[in-house]
Amino acid sequence: MSILAVTEVLVAQNIAFAIIAVGVVVAGVRLVTTENVVHAALWLVVVLAGIAGLYILLAAEFTAIVQVLVYIGAIVVLFLFGIMLTRARLGEGETVNKKMRAPALVIAVAMFALMAYSLWGYFGSTELEVMGRSTAELGQTTAQVADTLFLTYLIPFEVVSVLLLAALTGAIVLARRD
Amino acid sequence: MSELIFAIELAYWQQTLIKVLVAAVLIPTTALILGIVFLFKMMSWMQSRMGPQEAGPRGLLQLAADGLKFLQKEDIIPDRADRFVFKAAPVVVLASTFLTYVILPAGPDLIIENLPTGIFFAMAVSSLSVVGVLMAGWSSSNKYALMGGLRAGGQLIAYELPLILAVMGVVIQAGSLSMQDIVWAQADGSMFGFGGLGLPFVITQIVAFFIFMVAIQAELTQPPFDMPVAESEVVGGFHVEYTGFRFLFFFLGEFATAFAFAAIAATLFLGGWWVPGIDPNSALANIVGPIALFVKIMVVAFLIFWFRFTYPRFREDQLQRFAWKYLIPLALANITITGILVVVL
């Protein structure tokens, strides 16, 4: 069975996936080619929102909402905040530094190759079980995430929390030199 | 569920169409109601003046007349503005408001989409408005607009945390993120063994209710947290360059968001559409529900606008200190105590 199998559920999902994927790719290309750094940040919003849409297609509703809340609502807002406070005065035209294009390209291609290789190697042609399950079953995924996070992976979760707290404190110590 | 309202079965696209139409009618209407009742009538009474009198009976059509006026105005875009971002900004703000209405339940079956992660979804989409505000402030090519946008950004980030942390207390007590389940948890609850009145979470989560009300005041950028649009300092803040229907978007968005937040507060803390004495499983609940919800929303909105009209503006440092040093620790303490009590009791 090919990945784009025409079954009852998959038709609408395939169309939606195609639309979102094209949108994300276009926005991603614009993100790295635009001359204006604020526009780049706004294209990043489109990319991240599109990826949230893909998560919803995969019935990972909780992940999609976290994506919106954390990446768009917090991280991109911080980007915009920083950019607007420091550089990117309107009317200055080019605000993007292009010196690092070649190394960035190498890293991007290497990253893509690594992820494609590992995903292909791990999943190959296996299909995810999500397809064909009822919405009632899928509705429980948030509870499953919580149970897994706070029962099975409690220690790694706490370690990550402490790590983030240390990073936070470190940032404050570095910023305040008094 | 909503597939079987009044025993009529509809196709998916028909349901979707009806839901979109309901939302499209609901949002401007609610904004108008809040604007007329509170901004024009109550504010003028509180300030011992008449308020609008000419348009319609007792001046009730003033906002409709204002809306018409805005639609007629010339659509002015500053010469050096970033045109696309400038045009998109009000749409982003309004879209974040529209998305909030998706999870508001008005009855056991009357909800646009009963997401299992309802309240979390509402918090996520309401945080999108910051992007729109920053876009508006930056693209206007006006230093007052930029300052207003940055002030708004800082304020919205600072007060989003207490907002979400306040909601956490309710979520822990209800044991669900779904708005419907939160209503049901309040309807099924009991106070000291007496179940007749249910258990509105405003009683057990009074601290969270207080934090939530303060935080939505700040999220709406209205007094006493109106520094981003303070006319004496930054003229009109992020929307200083907007005229005509683009300004109308911001204006509608502000009041529609006030209504949506009031509805969320009414659902989380006052039991939403549930009325004591009416069986929530009966068809009657679908008819009484919206009325009950509306009454509760008006009570919450009264509190919101009461603060708006009676308190002076905070300074930037006071505003940030209040959020980070008082509200967030208070909300964290509330979560801890709620968590312990839920496990113990």
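Student: With which handedness does helix 3 of chain A pass helix 5 of chain B?

Tutor: In this predicted model, local features need pLDDT of at least 70 and side-chain atom pairs 80 or more, while totals for chains, interfaces and linings use all residues. Residues are numbered from 1 along each chain as written, with chains lettered from A and ligands numbered from 1 in written order. Helices are DSSP runs of H or I of at least four residues, and strands are E runs of at least two, numbered from the N terminus. A crossing is left-handed if the near helix is turned anticlockwise from the far one by less than a right angle, right-handed if clockwise, and here the crossing is left-handed.

Student: How are helix 3 of chain A and helix 5 of chain B oriented?

Tutor: The axes (lines fitted to C-alpha atoms over the stretch in contact, with angles from 0 to 180 degrees between N-to-C directions) of helix 3 (residues 61–86) of chain A and helix 5 (residues 129–139) of chain B come within 10 Å and cross at roughly 15°. Because angles under 35 degrees count as roughly parallel, over 145 as roughly antiparallel, 65 to 115 as roughly perpendicular and the rest as oblique, these two helices are roughly parallel.

Student: Which residues of helix 5 of chain B make the contact?

Tutor: Contact requires C-beta atoms, placed from the backbone, within 7 Å. Helix 3 of chain A contributes A:Ile72, A:Gly73, A:Val76, A:Val77, A:Leu80 and A:Met84. Helix 5 of chain B contributes B:Val130, B:Val131, B:Leu134 and B:Trp138.

Terms used:
Contact = placed C-beta atoms within 7 Å.
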